[in-house]
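The sequence and structure come first, and the description follows.

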Amino acid sequence: MSKSRAEGAVQSKARFSDRYNAWLRHHRLSAADSLHRVLDNLVSSLMTWLVIGIALALPVGLDVALDNATELSSGWDSPSQISLFLKDEVDTAAAMVLVKDIEARDDVQQVHFVSREDALAEFSALSGFADVLASLEDNPLPNLLLVTPDSALAGAAAGGLRAKLAQRKEVAEAVLDMEWLQRLNSLMELSRRLVIAIGVLLVLGVVLILGNTIRLAIENRREEIVIVKLVGGSNPFVRRPFLYTGLWYGVGGGFFAALLVSLSLWFLEAPVSELAALYQSEFVLAGLGLMGALNLLILGGLLGLAGAWLAVTRHLAAIVPR
Amino acid sequence: MISFERVSKRYQEGHDALRDVSFEIAKDDLVFLTGHSGAGKSTLMRLIMLMDRATRGKVVVDGVDLASVPGRNIPAHRRDIGVVFQNHQLLFDRSVFENVALPLIIAGYDYREVGRRVRAALDKVGLLSRERALPVTLSGGEQQRVGIARAVVGKPKILLADEPTGNLDPALSAEIMTLFEEFNQVGVTVLIASHDLILISQLRHRIITLSEGRLVTGGEL
């Protein structure tokens, strides 16, 4: 007896590299076997992939859309314009004097004068209310000065400039055209947070869906698990194929998500460039990119592993030979 | 090789499956375990392969007190024991070859070694030509022999068999018993649970008899 025990000890010492190779071999085997099983049940696997793909594509697609919107609005970030609406009694000559005066300021780049006649002409041409406007006795529009602040001027300073110009006696009202930009920015921030919240929920959903899928796979192979445990399969050994199954479902789901996002962007590309052309913009819709797609695959894979781990830790230990 | 010292097993429902059982099985021995169904044969086997733990007493297998084996080491303990099950416990979606290879895959042998050993084991039980067959296409006796090949493929020191001839006709049963004797002759300690008294009394080996959880005869060496 003592002799055989000593042999055993020597054997296990010499076989460390063997055991590493065996471990590696079983990983390869589990990965290949799980992939075979996933591909053998192609229809149900496809459904799982699509469910995960859609759940991932939604937040990722929204995020890509937001990135595009941010890109589009980044050009508008500098304080753009102050509109000075002049009082009715200020005539064109007085307005021109005011233009010279304001243009002389250091913090002003340019002043553009829009006379009430020009404004009316432009308005009737663009609005389609030409007939209505023609029937008016009086021109209801004021003279307008469009003041472009110096480009180095930050938002708060532009606000100060607006306040100073508003105090001029000729000026009825001064409006800094940044309020809408600020509104847009806070709207975008709100959207971004919404996307994050939706993303977190959907990611959680993906983990649960995968957990449930793996749980079913475990149930289906219950007898096999019992037999493997009876002939000495350890828990990690039994766990491995299911973790790989989760990985394959996740990676496939990530692939479908990337595909869905790319398809949607392709679908939107024509109208977006048409719209951009109408605004004389060079804007091009940015896609997911190779890195984005790769990240989606990795994210999918990680979620798959997480879901499988959840299912495996909860259900596998409960299966013991009876 | 296997020793029971005043072992009792009480299940949670209060049923006493084994009461104060003591015996010892030497290395290279072949021992039959018999008794009516419910006498405790299966429980005894389950204790040896750590599917259950004794309520009282001490079970020692290959010099190791099983009470000292923690749960995480149970798989390793089972890998040292070959077990033949009454209901075969084969994987029906895998070929004969893959079924027999399972213990070697678990133990992590490399492919060539697996192939060599599996074919040797299949040759031993006379099923070499059926290695690619699925178990469902085999007869009951052939399925049992696949189970035996799987039990011995890892060259265990101990071979347990729970009613290995349960559903077989007398000729096939005798054949299976001859196989076990051959393994015993090459140094494997064999313990066979069987209620086929006619068959086992023909084979001159020690017989341990259990009745209602108590050891009746065969406890002494």
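In chain B, strand S9 (residues 206-211) and S10(B) run antiparallel and are joined by 3 bridges. Leu210(B) has Leu215(B) as its bridge partner in S10(B). Helices (H or I, at least four residues) and strands (E, at least two) are DSSP runs, numbered from the N terminus, and two strands pair if DSSP finds at least two bridges between them.

This is a predicted model, in which local features need pLDDT of at least 70, side-chain atom pairs count only at pLDDT 80 or more, and totals for chains, interfaces and linings use all residues. Residues are numbered from 1 along each chain as its sequence is written, while chains are lettered from A and ligands numbered from 1 in the order in which they are written.

S9(B) and S10(B) belong to an open sheet of 6 strands with mixed pairing, in the order S6-S7-S8-S3-S9-S10 (chain B). Strand S6 (81-84) and strand S10 (214-217) of chain B are the edge strands, each pairing on one side only. On average, neighbouring strands of this sheet are turned by 20° against each other, direction ignored. Helix H5 (residues 140-152) of chain B lies across S6 and strand S7 (158-162) of chain B, and runs at about 175° to S6(B). Axes are lines fitted to C-alpha atoms, for helices over the stretch in contact, and angles run from 0 to 180 degrees between N-to-C directions.

The two chains are set side by side below. A residue is buried if 20 or more other C-beta atoms, placed from the backbone, lie within 10 Å of its own.

| Chain | Secondary structure | C-alpha extent along principal axes | Buried residues |
|---|---|---|---|
| Chain A | 11 helices and 4 strands | about 115 × 45 × 30 Å | 24% of 322 residues |
| Chain B | 7 helices and 10 strands | roughly 45 × 40 × 35 Å | 43% of 221 residues |

The radius of gyration is taken over C-alpha atoms, and the globule rule is 2.2 Å times the number of residues to the power 0.38. Chain A has a radius of gyration of 34 Å, well over the 20 Å that the rule gives for 322 residues, so chain A is more spread out than a compact globule. Chain B has 17 Å, which agrees with the value near 17 Å for a compact globule of 221 residues.

Where the chains touch, 18 residues of chain A and 15 residues of chain B take part; a contact means C-beta atoms, placed from the backbone, within 7 Å. On the side of chain A, helix H2 (16-40) and helix H9 (222-230) each give two or more residues, and H2(A) gives the most, with 6 residues.

Note on methods: Buried ≥ 20, exposed ≤ 12 C-beta atoms within 10 Å, placed from the backbone. Contact = placed C-beta atoms within 7 Å.
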